[in-house]
Amino acid sequence: MKLITTTDELAAFCKPLADTEFIAVDTEFMRERTYWPKLCLAQVAGPEDAAAIDALADGIDLGPLDELMANPKVLKVFHAARQDLEIFYLRMNKVPQPLFDTQVAAMVCGHGEAASYESLATKLAKAKIDKSSRFTDWSRRPLSERQIAYALSDVTHLRMVYEKLKRQLDKTGRFSWITEEMAVLNEPGTYRADPEQAWRRLKPRGASPRLLGTLREVAAWRERTAQRIDIPRQRLLRDEQLLEIASHAPKNTEELAMTRGLGRGFAEGWQGRELLEAIEKARKLPDAELPTRDRAPEQLRAPSAVVDLLRTLLRLKAEEAGVAARLVASADELDRLAAGKRDVHALDGWRREIFGSDAVNLIEGRLALALSGDQPKLIPIAKEG
């Protein structure tokens, strides 16, 4: 087991990896007590060597790792990459590229809707993962041998998982199928928390522009403050408290202190002062600058029988193609198709080829579903005339 604790060791480890085809990467982090994820350990495996990098070691500079992650010639392989990539984006202010997510690839290769790393390691690498250290405190030092072994297993077996998935994609010609899914991970906006948009995830009882304007300001204040002092937003101010404050728009400390569970200390301190300033800012906004709630989703008339047929067709076609059904079409897309809408991804590219065309033909009466034994099958229907 290799644990890197110095900058020189890290530079020596990363240097030969700059010439490899790919590296497998994983991280261990903590964020229960902070707003920003705290990187504790980074695990990297090349084709032959692997190491756990102690991000909390005294004096260590992670520059060599950042340089490797930014190297456009080296493919970075992750499993369920979203949270790991957020850590590197926050460190580097860029998304490491190029990327390969084995969870996405596994869906394309027919290994289930959201295959876990453990299941893929067992199936493709014939490895058994010891899960006993999964919920360990990665910020405590020293790290035990069991912790280091567990952390390294997240990248050593990932190499073989990647290689076998890559061979399946090459064999089936489906590499392009994962491009659209990877585009979301490659987009920097995926990892940015915009304080001005924080109010949209909340659900106020009312929808008046003035209430929403107040909610926008106080939610933005909470987000910026939580970021600045690095604590979870809910620890600063809970959602239900934020909604109550936006609803009542208190004008002074006394009114603010009446918020359930808030406490006079908060209301009379710097947090209360800044919060009242945010409320006052919202109060002074002209009507033209107030937000409005997003338009309600379009009410679709989707016959349930048609939706059920499409769901059966999707399952049938996904099984035939060996791909996860939810990667082909979502439940919302099935509803839209059944309601006569055609602005869905399921009618584009490879999705149209394996499902979309048949879905339209089924809806428009050119295909029928029947049973052959206990299995559904498609029957073409000739149109009269």
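Student: If helices (H or I, at least four residues) and strands (E, at least two) are DSSP runs numbered from the N terminus, which strand gives the most to the lining of the largest pocket?
Tutor: Strand 2 does, with six residues in that lining. Bear in mind that this is a predicted model, in which local features need pLDDT of at least 70 and side-chain atom pairs pLDDT 80 or more, while totals for chains, interfaces and linings use all residues. Residues are numbered from 1 along each chain as its sequence is written, and side-chain values use heavy atoms, without hydrogens or water.

Student: OK, and which elements each supply at least two residues of that lining?
Tutor: Besides strand 2, which spans 22-30, they are helix 3 (82-92), helix 5 (117-124) and helix 6 (145-172).

Student: How many residues line the largest pocket, and which lie nearest its centre?
Tutor: The lining comprises 24 residues, and those nearest the centre are Asp 26, Thr 27, Glu 28, Phe 29 and Tyr 150. Here a pocket is an open set of points on a 1 Å grid over the protein atoms alone where a 1.4 Å probe fits, with protein on both sides within 12 Å along at least five of seven lines, and lining residues have an atom within 4 Å of a point.

Student: How does the lining of the largest pocket split by class?
Tutor: It holds ten nonpolar, five polar and nine charged residues, where Ala, Val, Leu, Ile, Met, Phe, Trp, Tyr, Cys and Pro count as nonpolar, Asp, Glu, Lys and Arg as charged, and the others, Gly among them, as polar.

Student: Switching to the backbone, where is there a cis peptide bond?
Tutor: One joins Gln 97 and Pro 98, with omega at about -5 degrees, and Pro 98 sits in the loop that runs between helix 3 and strand 6 (99-101). A cis peptide bond also joins Arg 141 and Pro 142, with omega at about 5 degrees; Pro 142 belongs to the loop between helix 5 and helix 6.

Student: And which residue has a positive phi although it is not a glycine?
Tutor: That is Ala 80, whose phi is about 50 degrees, and its place is in the loop from strand 5 (75-78) to helix 3.

Student: Now the helix packing: at what angle do helix 14 and helix 17 pack?
Tutor: Helix 14 (residues 304-321) and helix 17 (residues 349-363) pack at about 150 degrees, with axes 10 Å apart; axes are lines fitted to C-alpha atoms, for helices over the stretch in contact, and angles run from 0 to 180 degrees between N-to-C directions.

Student: Which residues of the two meet?
Tutor: From helix 14 come Val 306, Leu 309, Leu 310, Leu 313, Leu 314, Lys 317 and Ala 321, and they meet Ile 354, Phe 355, Asp 358, Ala 359, Leu 362 and Ile 363 of helix 17, contact being heavy atoms within 4.5 Å. In class terms, the contact of helix 14 with helix 17 has eleven nonpolar, no polar and two charged residues.

Student: What about helix 16 and helix 17?
Tutor: The axes of helix 16 (residues 331-338) and helix 17 come within 10 Å, crossing at roughly 40 degrees. Leu 334, Leu 337 and Ala 338 of helix 16 make the contact with Phe 355, Ala 359 and Ile 363 of helix 17, and by class this contact has six nonpolar, no polar and no charged residues.

Student: Last one: how far apart are the axes of helix 8 and helix 10?
Tutor: They are 8 Å apart, and helix 8 (residues 209-229) packs with helix 10 (residues 239-248) at an angle of about 140 degrees. The residues of helix 8 that meet helix 10 include Leu 211, Val 218 and Arg 222, and among their partners in helix 10 are Asp 239, Leu 242 and Ser 247. The residues of this contact between helix 8 and helix 10 divide into eight nonpolar, two polar and two charged.
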